[in-house]
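Subject: Structure for you to look at, with notes

Dear colleague,

Here is the structure I said I would pass on, and I would be grateful if you could read the notes with it open beside you.

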Amino acid sequence: MTNPWSWYSDREVWDLEQERIFARTWQYVGHAGMAARPGDFFTARAGRIPIVVTHAEDGETRAFVNVCRHRGSTVAEGSGNRRTLQCPYHAWTYGLDGRLRAAPRADFDLGEVTLAPMRLERWGPFLFVNADADAPPLVETLGEVPAQVAELGLDVDGLAFHHRSEWTVAANWKVVAENFLECYHCAVAHPTFTALVDVSPDAYRLEVGRMHSTQIGPARDGGMRSQFHFVWPNTGINVFPGEPNLSIGPIIPASPELTDRLLDYFFGAGVGEAWIGELLELDDQVGREDTALVERVQTGVSSGALADGRLLGEAEQLVAHFQGLVREALRV
């Protein structure tokens with residue numbers, strides 16, 4: 001059986017997830033090019049925790065909780081390049097190394113105060129943060145994902161960033177994640193995708209790791225296989241058949257029944273804009289179809305009419321694995 005459907009709209013469960021999942025795990029926040037030069041910074045979220053990533057004058061790229069140590073305002077907004085970050089509330093000013101540099105009328109030693117650090121680690125150009133100082137390193141969470149991507153001949157360090165897409169879905173983050181974790185619905189809901197990828201049970205392969213899972217689908221034209229990876233708790237990675245490509249992004253809980261999505265798209269050197277345009281059109285179509293699906297699911301599971309549902313043992317094994325990780329994290 002599924003996890004209780006009440007978990008997909010209950011505020012207390014959502015708050016517990018923020019504490020026990022999103023404050024303790026590795027989450028994708030952006031790529032190295034966003035903080036490549038001294039002075040660069042950008043903001044992001046790890047669950048409900050606001051994040052700022054900086055490239056300081058000493059050459060170090062760092063991540064901090066984007067919250068002023070004075071009265072709790074967020075400090076930075078958006079992205080850019082500057083020497084300091086100034087809180088708009090009372091003008092407390094921090095260096096990009098996190099140290100407090102100025103505070104009007106300060107009656108304490110400025111050296112006692114810094115922005116709260118976050119762990120920052122990377123796979124190729126992909127940056128991940130973790131608020132838990134005692135968590136295992138990122139490589140343990142990624143598991144076999146980097147090796148599987150490399151098996152396709154993709155050098156992630158050789159990919160060029162193309163653009164970021166952002167949107168919001170009226171569904172709980174777990175509904176969105178579970179939709180990503182199965183292609184049982186693909187033959188019904190994604191005709192353009194299934195024309196490109198063989199999703200038949202004999203061809204479409206599912207693999208479960210400790211903290212990640214993988215879907216591998218052969219291209220119908222015999223070309224490069226597709227790979228779709230999910231890294232606990234909320235990072236999706238897509239590699240479509242054809243030219244070198246990869247998109248990556250988090251499934252960010254915005255509220256119990258609202259999820260923010262973003263995807264950063266990367267392509268190999270020399271991949272033509274015409275081919276990129278065709279892929280993006282396909283991906284956008286699949287995204288619109290998925291949004292409609294998960295919003296219908298949210299309507300059903302949040303109705304209170306039924307307690308839970310039933311999973312298929314084979315076709316939905318990745319969903320079952322994900323739901324098990326949720327239960328493990330919530331200790332129920």
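This is a predicted model: local features need pLDDT of at least 70, side-chain atom pairs count only at pLDDT 80 or more; totals for chains, interfaces and linings use all residues.

Residues are numbered from 1 along each chain as its sequence is written, and side-chain values use heavy atoms, with hydrogens and water left out.

I begin with the sheet. Helices (H or I, at least four residues) and strands (E, at least two) are DSSP runs, numbered from the N terminus, and two strands are said to pair if DSSP finds at least two bridges between them. On that basis there is an open sheet of 7 strands, in the order 11-17-16-15-14-13-12, with antiparallel pairing. Its edge strands are strand 11 and strand 12 (205-208), each of which pairs on one side only. From one strand to the next the twist averages 15 degrees, where axes are lines fitted to C-alpha atoms (for helices over the stretch in contact) and angles run from 0 to 180 degrees between N-to-C directions.

Within this sheet, strand 12 and strand 13 pair in the antiparallel sense over 4 bridges, and Glu207 has Thr214 of strand 13 as its bridge partner. Strand 13 (residues 212-217) is in turn joined to strand 14 by 6 bridges, again antiparallel, with Thr214 partnered by His229 in strand 14. Strand 14 then pairs with strand 15 in the antiparallel sense over 5 bridges, where His229 stands opposite Ile237, and a hairpin of 3 residues joins strand 14 to strand 15.

Buried means under 20% relative accessible area, exposed over 50%, and partly exposed in between (1.4 Å probe, protein chains only).

Next comes helix 1 (residues 11-22), whose buried residues are Val13, Trp14, Glu17, Gln18, Ile21 and Phe22. Seen down the helix axis, these residues fall within an arc of 150 degrees, so they line one face of helix 1; the arc is that of the directions from the helix axis to the C-beta atoms. What covers them includes strand 1 (27-31), strand 2 (40-46), strand 3 (49-55), helix 4 (173-180), strand 16 (245-255) and helix 8 (317-330).

Turning to charged pairs, a salt bridge is a side-chain nitrogen of Lys or Arg within 4 Å of a carboxyl oxygen of Asp or Glu, and a search of the whole structure finds 14 of them. One of these joins Arg45 and Asp260 (3.2 Å, N to O), which links distant parts of the chain, since Arg45 is in strand 2 and Asp260 in strand 17 (residues 258-267), 215 residues apart. Another joins Asp264 to Arg164, with the closest N and O atoms 2.6 Å apart. Because Asp264 lies in strand 17 and Arg164 in strand 11 (residues 160-169), this pair ties together parts that are 100 residues apart in sequence. Asp264 counts as buried, at 0% relative accessibility, whereas Arg164 is partly exposed, at 26%. Salt bridges that share partners also join Arg11, Asp15 and Arg48 into one network.

Finally, two loop residues. Asn234 sits in the loop between strand 14 (226-231) and strand 15 (235-239) and is buried, with a relative accessible area of 1%. Leaving aside neighbours within four places in sequence, Asn234 is in contact (heavy atoms within 4.5 Å) with Phe22, Gln27, Gly249, Pro250, Ile251 and Ile252. Glu77 is found in the loop between strand 4 (61-65) and strand 5 (79-81) and counts as exposed, at 65% relative accessibility. With neighbours again set aside within four places in sequence, Glu77 is in contact with Phe41 and Thr43.
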